[in-house]
Amino acid sequence: MDRKKIRVALAGNPNVGKTSLFNALTGARQHVGNWPGVTVEKKTGKCTKGGHEFEIVDLPGIYGLSAYSLDEEVARDYLVQERPDVVVNIVDATNLERNLYLSMQLLELGMPVVLALNMADRAEERGLGIDIPCLSERLGVPIVQTVASKGLGIDALLDAMARRAEGTKAAAPPLPYPGHVESSIASLVSVLEKDPGLTSSYPVRTLAVLLLESDPAARRLVEQSTAGASAQTALSSIDTDAMEIDIVDARYGRIRSILGQSCTAPSASGTSLTDVLDTVLTDKYLGIPIFLSLMWGAFMLTFTFAEPFMEGIDWVFGWLIGLVSETVGNETLASLLGDGILGGVGSVLIFVPNIFILFFILAILEDSGYLARAAFVMDRAMARLGLHGKSFVPMLMGFGCSVPAIMACRTIENRSDRMVTILSAPFITCGARLPVYILFAGAFFGAREGTVVFALYVLSILVAIGSAKLLRSAVFRGETSPFILEMPEYGVPTLKGSLLHMWERGAQYLRKAGTVIFVGVIAIWALASLPWGVEYGAADSVVGSIGRAIEPLVRPLGFDWKLAVALIFGFVAKEVVVASLGVLYGTGEDMLPDAIRADPAITPLDAMGFMVFSLIYSPCIAAVAVIKKETGSWKWMGVSILYSTVLAWVAAFAVRHIGLALGY
Amino acid sequence: MAHDMPLSAVPEGSTWRVSRIAAGYGLSRRLSELGFVGDAPVSVCGRTNRSIIVRLCGQRYALSRGIAQHIYVSEASVHG
């Protein structure tokens, strides 16, 4: 059967359940990419119902269409240029006044809107009565009630979307503005109409309104048109500052008049649960201790829960390696499979439980609404460090993996704040660096292993903070951006939602393990096996020659060629440091601590220096690639690699000489 | 409006009405999109040294002091 294709855009404010609705509509049939040219995430998905195939684009969560932020510009450009068949505008029923502002703008753009009235159950609980037929009639759009988190109302929404796409695209009645605004609109319209190119992308009236609002994108568009000069003249006689406020006021005025007819407010605005929780959780004195104990709990849970899974993965890979060495006859192939692929990939997959559990706990905290409070509570402390309250979450995720941490910086609006956080977050010691510490601290510091690892964690935080301060004072000067943060209602997170959230972030780590690290371990194996005939990983292999070539550079730090090689391969992924030492010493990972302890070239002081170097030096290749993508700059990517490696060298040098001076 | 004052100076608890936004293009636009527009009822429900939490039309926001300084409010009773 030939299905009719309907292109749908999903628009709405942040935190209104847009992602839940998108998931409910498309299920697993989604694709995550980027909007062309920018780092805003673009999600697309498909679903079918009846004779229709819906192609759904999830627009960024936005409060308006004024092209003030990148998200808003992306959303508006898509709507204007692609002209979707239906725009599903999801609104939070408990907060209609603000949500309908975006709806007003969508209608002004002449979009075929279907309103998804979400969280209607919560509105009812609060005693907020909404007369849906009346609201629908006053707005001139069909309305469907949904509870996206539970998947309710999806069928009805799809039906409404199909009807809307097939129906006539009658423009909504224009929003009447006060008299003086209307006369300015009329004078601009008469000028703009002279360039037919302009009216093809925007309704001409909308374009006039945007100009009166001093909208930068609309101004650029008009300036480049043939009507540019005369529009400029017309605008110069208008006080747009005052006009802008009148326009916004008029929109809100209309929303209030519509809501006045269709909604009944709750009788008493008693204290809600959110009020009570916020009094405690954001308290001046209690806020930070509560936050820190929650984080401590999250880490304890992560490591406790992950333990059996990690042992399981370790066992499976040990068994597979044994199986390969017993059954594969060809020695080269057996070495490639066993030493190379299974050994390397296994040492990476072992962190998957840790990372997934940490992301799951973070997802629960985020979905419950707590993370927004955490950003608020931490804002003051972070500001002292030259960082934004929102920088805290990326920093925290850095303990799992730098890749999602850097990606999480997208939520920081101000560019300087974002850059400082992107460049500092990789110093937070990620899960991949932990095995290096465990190996060396365990081999050389015995009973004091725990203290040494803890000290390295503290050092990583200090380095990240120090770098943030340095970048802030030397490069990205100026105040941290003023802070507006929406605090969503507290809610009970759903298992499905949190699992999806966890999966989205954790999958990035898995992809890295599947691609970059897989190729990396094969490369190491090849370099350690070539030229043919040498003993695997011996000094006369290619790896050995590379190591000895750079040995002079790290000699002042007390590292020999094997450690140098391990560090080079660590650039592929920090997990590979341990894996490649296993290769170079020709032992399994069980025997590796004994092997390095027995190596006379490594003293406990060298081990300390090596751990410090591993902690600070260049982020791994995956993190570096993400830094390039998120900063959009080769220069800053280069700075990140160079700065961290030089800093690592200096720090390891200091460790060695302070240690020597103290008589170690 | 003669008797208005910045939101940053308002005591916790009571409800006020937004009288004007004294800020540049970007900030005033962002604030008005969030609903900080003429006559909107707003109340302060918590504060730290650097930021305040306000409630506006049933939604809560954390604002830095700097931003709160740009939002002028007047007593709710003036407008009824």
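Let me start with confidence in chain A, where the lowest value falls in strand β2 (residues 30–34) of chain A, at a mean of 65, while the highest falls in helix α28 (residues 604–616) of chain A, at 94. What we have here is a predicted model, and for chain A as a whole the mean pLDDT is 82, with 92% of the residues reaching 70 or more. In chain B the mean pLDDT is 78, and 85% of the residues reach 70 or more; within that chain, helix α3 (residues 76–79) of chain B has the lowest confidence, at a mean of 53, and strand β6 (residues 71–75) of chain B the highest, at 86. Where pLDDT is low, the predicted coordinates should not be read in detail.

With that said, let me turn to helix packing in chain A. Two packed helices are described by the angle between their axes and the distance between the axes. Helix α20 (residues 415–424) of chain A packs against helix α29 (residues 621–631) of chain A at an angle of about 175°, and their axes are 11 Å apart. Because the angle is over 145, α20(A) counts as roughly antiparallel to α29(A). On the α20(A) side the residues are M419(A), I422(A) and L423(A), and they meet I627(A), E630(A) and T631(A) in α29(A); by class, that contact has four nonpolar residues, one polar and one charged.

The second pair is helix α10 (residues 216–223) of chain A and helix α11 (residues 228–236) of chain A, whose axes come within 8 Å and cross at roughly 130°. These two helices, α10(A) and α11(A), are therefore oblique to each other. R219(A), V222(A) and E223(A) of α10(A) make the contact with G228(A), A231(A), Q232(A) and L235(A) of α11(A), and the classes there are three nonpolar, two polar and two charged residues.

Finally, the cavities. How many of 30 Å³ or more does a search of the whole structure find? The search gives six, and the largest cavity holds about 110 Å³ of space. Its lining consists of 12 residues, of which F303(A), N354(A), F399(A), G400(A) and G431(A) lie nearest the centre. Two elements of chain A, α14 (287–327) and α16 (352–367), are the ones that give two or more residues to that lining. By class, the lining of the largest cavity has eight nonpolar residues and four polar, with no charged residue among them.

Methods: Residues are numbered from 1 along each chain as its sequence is written. Chains are lettered from A and ligands numbered from 1 in the order in which they are written. This is a predicted model: local features need pLDDT of at least 70, side-chain atom pairs count only at pLDDT 80 or more; totals for chains, interfaces and linings use all residues. Side-chain values use heavy atoms; hydrogens and water are left out. Axes are lines fitted to C-alpha atoms, for helices over the stretch in contact, and angles run from 0 to 180 degrees between N-to-C directions. Helices (H or I, at least four residues) and strands (E, at least two) are DSSP runs, numbered from the N terminus. Angles under 35 degrees count as roughly parallel, over 145 as roughly antiparallel, 65 to 115 as roughly perpendicular and the rest as oblique. Contact means heavy atoms within 4.5 Å. Ala, Val, Leu, Ile, Met, Phe, Trp, Tyr, Cys and Pro count as nonpolar, Asp, Glu, Lys and Arg as charged, and the others, Gly among them, as polar. pLDDT is the predictor's confidence in each residue, from 0 to 100. On a 1 Å grid over the protein atoms alone, a cavity is a set of points where a 1.4 Å probe fits but cannot get out, and a pocket is an open set with protein on both sides within 12 Å along at least five of seven lines; lining residues have an atom within 4 Å of a point. Grid points are joined across faces, edges and corners, and a volume is the space filled by probe spheres set on the points.
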